[in-house]
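Subject: Two-chain model, with notes

Hello,

Here is the structure for you to look through. My notes on it follow below.

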Amino acid sequence: MTRQSTQSSPVLELRNVTKTYKVKQGLFGKARPLTAVNDVSLSLPRGEVLGLVGESGCGKSTLAKILLGLEAPTHGQVLVDGEEIGAQDRLSLARRIQPIFQDPYSSLNPRKSIFDIVSLPLRVHGVGGPQDWEKQVREILDIVGLPARVMNTYPSQMSGGQRQRVAIARALIMKPEIVICDEPTSALDVSVQSQILNLLGDLRREFGLTYLFISHDLAVVEHLATRVAVMYLGRIVEEADVAGLFDHARHPYTQALLKSVLTPEPGLGVPDTQLGMAYPNPIDPPSGCQFHPRCPLATAHCKAKAPRPVPTPQGLVECHLYDTESPMFDNKAA
Amino acid sequence: MEKPLLSVRNLTIDIPVGGGTLHAVRGIDFDLNRGETLCIVGESGSGKSLTSLAVMGLLGKTIRRTADRMDFDGTDLTRANPRTMRKLRGARMSMIFQEPMTSLNPAYTIGDQLTEALLLHKPVGREAARARAVELLEKVGITAAESRLSQYPHQLSGGLRQRVMIAMALMCEPELIIADEPTTALDVTIQAQILRLLYDLGREMNMAMILITHDLGVVARVADKVAVMYAGELVETGPAADVFNTPSHPYTRGLLRCIPLPGKTERGSTLGTIPGIVPSLVGDIEGCAFRTRCPYAEAACRSEIPRQGSAGHAFRCIHEDGKRQAEEATA
């Protein structure tokens with residue numbers, strides 16, 4: 001396997017990726033475009049964990065599907081180690097990028113034994129024979145903290161945490177470079193969640209894995225991620241390293257998201273996010289800055305003109321307040 | 001002292017299963033005053049949802065519920081016949097479920113479902129009931145409330161549906177609301193709004209609320225009283241500030257260590273865990289159910305477990321302060 005690329009070059013890169021679906025409204029309605037991912041550029045250096053946060057319907061999972069090669073982008077390129085994934089076949093892509101899904105109850109086939117589930121990637125890729133499979137399954141189960149005896153059991157005999165460990169074992173058995181974790185702990189109890197988070201952290205250090213970590217739990221993202229991207233209606237509205245984003249959030253949407261986190265500190269009450277109205281319908285996105293109807297700082301300018309992505313030393317932010325060329329530029333905010 | 005609105009003593013729920021009896025809830029006690037919010041927190045299978053269904057009289061026929069006392073404002077719920085329960089449910093006590101899509105009827109309009117309980121329980125006409133529905137939809141922050149009445153559940157988003165569920169539970173101005181994970185399926189931004197709403201409405205109408213959740217953040221922010229449940233027992237109960245500031249049962253402390261605390265837990269550090277798994281509740285259970293996972297377990301944990309602490313902040317452990325001070329000294 002070739003893995004000699006330099007530390008600084010991104011292992012995963014998205015260049016102006018757009019995904020548009022045609023959505024029919026009503027039985028005889030005309031199909032209208034829904035832009036789930038809108039001109040997204042991101043790069044993920046090797047060994048980093050990119051946390052992707054945003055509300056339901058913002059396009060997080062569509063982005064994950066594009067990265068896994070399950071959906072083709074309408075425009076733009078996805079590059080793995082500098083090579084476009086459209087040019088690679090599914091099998092070789094699957095060797096490098098593997099998913100871990102949210103619900104370990106529905107992502108494991110109930111009719112297959114744990115050995116069959118975990119060894120399937122080896123068989124699909126034609127790696128070795130049955131003797132090697134057993135050895136490799138044994139090894140990977142040990143790595144994810146499961147005893148070898150579970151090989152002959154079925155998913156229904158396992159707890160939620162054990163199932164998620166099986167899902168992780170299956171994702172890692174081909175030694176991928178990138179793991180797409182789509183809400184990997186949100187179906188689990190807190191005591192099990194912490195075990196899985198610790199495991200994901202240990203595996204990353206041990207195998208130099210790169211994660212895209214999708215979650216709506218900001219405390220979990222803050223804990224595990226090294227970089228964070230905030231998504232709103234298909235756009236990345238802010239991207240920064242984890243300290244920058246959580247200690248000095250800049251986009252008003254990021255600030256509102258952080259404000260809505262309920263830390264277990266009694267006496268603080270429930271915060272008022274001032275987000276007011278609900279998430280807009282992506283079929284009818286608002287004009288100008290798409291966040292303006294919910295933004296406490298919005299002006300007429302925000303309604304009329306979409307902000308451009310502003311590169312800053314801390315990372316990218318898409319808001320007029322930080323754009324020196326915008327009439328709304330706010331020296332204090334920036 | 002004020003008489004509690006709801007007083008439960010020694011509530012026990014047994015479920016007959018293939019291999020014997022599953023002791024899902026084992027002798028729990030709690031009191032709830034008017035206007036107070038009690039959060040029952042615990043992991044899957046700890047019995048918190050069954051407890052709430054037991055209060056509402058909604059347990060399945062095969063499930064055995066016993067209690068020394070279950071008193072709702074003078075009505076003995078252990079003896080109440082189905083007719084009495086029907087009169088209470090929806091009128092004086094109501095419930096908000098976790099999944100708004102499955103608990104709303106897809107074949108009826110929002111207006112029909114909202115007004116049903118009011119028309120059934122109170123001597124009001126259709127017009128007055130619809131006016132009340134509009135008033136409550138506005139109160140829970142739904143715009144264009146009038147036009148929503150003729151819509152069906154599938155036409156609303158998850159956040160809106162959950163607001164409709166809340167409005168529905170409030171229609172008859174109940175004295176007690178039981179909310180079972182009301183915000184678990186929602187985005188954090190909507191979660192904060194819904195919780196604020198429940199909190200404000202509870203204060204405004206002097207409602208008592210039992211909030212069932214596994215989210216310690218939610219508990220800390222909305223609870224007056226907290227009850228920590230493990231394997232069918234209340235292992236620690238007390239005012240929210242006391243339980244969070246001086247968590248006395250080793251399980252409570254274990255849970256708090258499992259969650260990353262923004263600003264306190266070092267990013268990327270190893271989180272605390274609770275090793276082992278929840279014991280099977282089928283058959284006889286002796287002593288402390290947490291002892292198989294507890295770092296301080298000893299032989300005496302197999303015997304009867306005393307109740308420690310004060311009447312306000314109590315916990316079940318053989319160790320004097322649940323080893324809290326010893327643990328803090330080594331931390």
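A word on terms before the domains come up: domain bounds here come from an automatic or database domain assignment. On that basis, the C-alpha centres of domain 1 of chain B and domain 2 of chain B lie 31 Å apart. Please keep in mind throughout that this is a predicted model.

Domains of chain B

Domain 1 of chain B takes in 6–83 + 176–330, and domain 2 of chain B covers 100–171. Contact between these domains involves nine residues of domain 1 of chain B and nine residues of domain 2 of chain B. On the domain 1 side, helix 8 (residues 188–205) of chain B provides the largest share, five residues. That side of domain 1 of chain B is made up of nine nonpolar residues, with no polar and no charged ones.

Chain A overall

Chain A has 10 helices and 12 strands. Its radius of gyration is 21 Å, close to the 20 Å that the globule rule gives for 334 residues, so chain A is as compact as a globular protein of that length. Along the principal axes, the C-alpha atoms of chain A fill a box of roughly 70 × 50 × 50 Å. Buried residues make up 45% of the 334 in chain A. Among contacts in chain A with a separation of 6 or more, 63% are between residues 24 or more positions apart.

Domains of chain A

Chain A also divides into two domains: domain 1 (10–104 + 176–247) and domain 2 (251–264 + 272–334). Their C-alpha centres lie 22 Å apart. Here 23 residues of domain 1 of chain A are in contact with 18 residues of domain 2 of chain A. The elements that each supply at least two residues to the domain 1 side are strand 2 (31–45), helix 7 (218–224), strand 9 (227–232), strand 10 (235–241) and helix 8 (242–247) of chain A. Strand 10 of chain A gives the most, with seven residues. By type, the domain 1 side has 14 nonpolar, three polar and six charged residues.

Where the chains meet

Between the chains, 40 residues of chain B are in contact with 38 residues of chain A. On the chain B side, two or more residues come from each of helix 7 (158–170), helix 8, helix 9 (216–222), helix 10 (240–245) and helix 11 (250–258) of chain B. Helix 8 of chain B makes the largest contribution to this side, seven residues. The chain B side counts 22 nonpolar, 13 polar and five charged residues.

Nonpolar cores

The largest nonpolar core has 181 residues, and those touching the most other members are A:Leu212, A:Phe213, A:Val230 and B:Val228. Helix 7 of chain B supplies the largest share of this core, eight residues. Beyond its neighbours within four places in sequence, A:Val230 has contacts that include A:Val53, A:Gly54, A:His251, A:Tyr253 and A:Leu257. There is also a second, separate core of five residues, among them A:Val310, A:Val317, A:Leu321 and A:Tyr322.

Helix 6 of chain A

Helix 6 (residues 190–207) of chain A has 18 residues and reaches 26 Å from its first C-alpha to its last, close to the 26 Å expected at 1.5 Å a residue. Its buried residues include A:Val190, A:Val192, A:Ile196, A:Leu197, A:Leu200 and A:Arg204. What covers the buried residues of this helix includes strand 3 (49–53), helix 5 (160–172), strand 7 (178–182), strand 8 (210–214) and helix 7 of chain A, along with helix 11 of chain B. Just after helix 6 of chain A, A:Gly208 takes a positive phi of about 60°.

A:Pro10

A:Pro10 sits in strand 1 (residues 10–24) of chain A. Is A:Pro10 buried, partly exposed or exposed? A:Pro10 has 18 C-beta neighbours inside 10 Å, and a residue needs 20 or more to be buried and 12 or fewer to be exposed, so the class in between applies. A:Pro10 therefore counts as partly exposed. Leaving aside neighbours within four places in sequence, A:Pro10 is in contact with A:Ser43, A:Leu44 and A:Pro45. The C-alpha atoms of A:Pro10 and A:Ser43 are separated by 5.9 Å, although these residues are 33 apart along the chain.

Regards

Terms used. Residues are numbered from 1 along each chain as its sequence is written. Chains are lettered from A and ligands numbered from 1 in the order in which they are written. This is a predicted model: local features need pLDDT of at least 70, side-chain atom pairs count only at pLDDT 80 or more; totals for chains, interfaces and linings use all residues. Helices (H or I, at least four residues) and strands (E, at least two) are DSSP runs, numbered from the N terminus. The radius of gyration is taken over C-alpha atoms; the globule rule is 2.2 Å times the number of residues to the power 0.38. Two residues are in contact if their C-beta atoms, placed from the backbone, lie within 7 Å. Ala, Val, Leu, Ile, Met, Phe, Trp, Tyr, Cys and Pro count as nonpolar, Asp, Glu, Lys and Arg as charged, and the others, Gly among them, as polar. A nonpolar core is a set of buried Ala, Val, Leu, Ile, Met, Phe, Trp, Tyr and Cys residues joined through C-beta atoms within 7 Å. The expected span of a helix is 1.5 Å times one less than its number of residues.
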